[in-house]
Amino acid sequence: MRQPSVAQPLRLLVSACLAGYQCGVDGTDYGLGGTLSALISLPTVSATSFCPEEVALGTPRTMPDIHGGDGFDVLDGKARILDQHGDDLTSSMLQGAHAMLDFAHANQAELAVLTDMSAACGSQVISDGCRLADDRSYRVGVGVAAALLLRAGIPVIAQRDNRTLGLLRRMLDPSHVPAEDLRDHHETDWYGGYFGKG
C-alpha cells in the first residue's frame, strides 16, 4: 500500500453503520457509530461510507443471511440470501453489492473496512443460515458485497481486525503507538475456540 499524505489521503470505504448512520435492519447503527472515528478523522484519510443492505432493501428491513455458502457462492449462484421468514432476497442483495462496488469505484476506494458477520459486509465470519435461530451457527466466509469488492481487487478488513487497524493507523499517523496485544478477529480466542483453530 502506498504511503498516504495530507495532500493524497488514503481513500477509505467504510460500512455506513460504522460511521454512525442509522441504516441497520432495526433503524439503528447497531451501536457501532464511532467505531472508526479515530481512524477516519485523520487528515491522511478520506473516508466515504455506504450501506449495501439499505440500498437493496431499505431501512428498517427483515434480516438477510446467507444460506448454503458465503458471498462468493452467492455471486456464483451456488448460495442464496433469505430473511428470517424464508423470503428470497438474493437478487436485491446482489443489486446492493453492485451499487457498493460502483460507489467504491466512483470514489477510487483503496481499502474497505466493513462490518463483520453481515451477509453483505462480513469479511471474516458470517452466520451460517439465519442469525435469529435459537441455535445460531457461524462459518468462516465473507458477505456478498465484501466478496464483490475483493474480486474487484479492493482489500477488505473487518472492524474487529484490531491489530491490522492499529498498524494502519500507525502508518497514517506515525505518532500513534498501537497496543502490543491487539489481535485480528481470526486471532481471537472466540474464533479459535469456535472454529477449532485455537
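Modeller: Start at Trp-190. This residue is partly exposed, with a relative accessible area of 35%. Buried means under 20%, exposed means over 50%, and partly exposed lies in between, for a 1.4 Å probe and protein chains only. The model is predicted, so local features need pLDDT of at least 70 and side-chain atom pairs pLDDT 80 or more, while totals for chains, interfaces and linings use all residues. Residues are numbered from 1 along each chain as its sequence is written, and side-chain values use heavy atoms, without hydrogens or water.

Now the rings. Those of Phe, Tyr and Trp (its six-membered ring) pair if their centres lie within 6.5 Å; planes under 30 degrees apart are stacked, over 60 edge-to-face, and the rest tilted. That rule gives seven aromatic pairs. One of them is Tyr-138 with Trp-190: edge-to-face, 5.2 Å centre to centre, with 90 degrees between the planes. These partners come from distant parts of the chain, 52 residues apart. Tyr-138 sits in strand E7 (residues 138–140), and Trp-190 in helix H7 (residues 189–195). Helices (H or I, at least four residues) and strands (E, at least two) are DSSP runs, numbered from the N terminus.

Tyr-191 and Phe-195 make another pair. Their ring centres are 4.8 Å apart and their planes stand at 55 degrees, so this pair is tilted. Why are they about one helical turn apart? Because Tyr-191 and Phe-195 are four residues apart in helix H7. An α-helix has 3.6 residues a turn, so residues three or four places apart point the same way. Both Tyr-191 and Phe-195 are buried. Step back, and ring pairs join Tyr-138, Trp-190, Tyr-191, Tyr-194 and Phe-195 into a cluster.

Next, helix H5. Six of the eight residues of H5 (residues 144–151) are buried, so the rest of the structure largely encloses this helix. Those buried are Val-144, Ala-145, Ala-146, Ala-147, Leu-148 and Leu-149. After H5 comes Gly-153, with a positive phi near 90 degrees.

Last, the sheet. Four strands form an open sheet in the order E2-E1-E5-E8, with parallel pairing. Strands E2 (45–50) and E8 (156–158) are at the edges with a single partner strand each, so one side of each has no neighbour in the sheet. Two strands pair if DSSP finds at least two bridges between them. Strand E1 (residues 10–15) is joined to E2 by six bridges, and the two run parallel. Val-14 stands opposite Ser-49 in E2.
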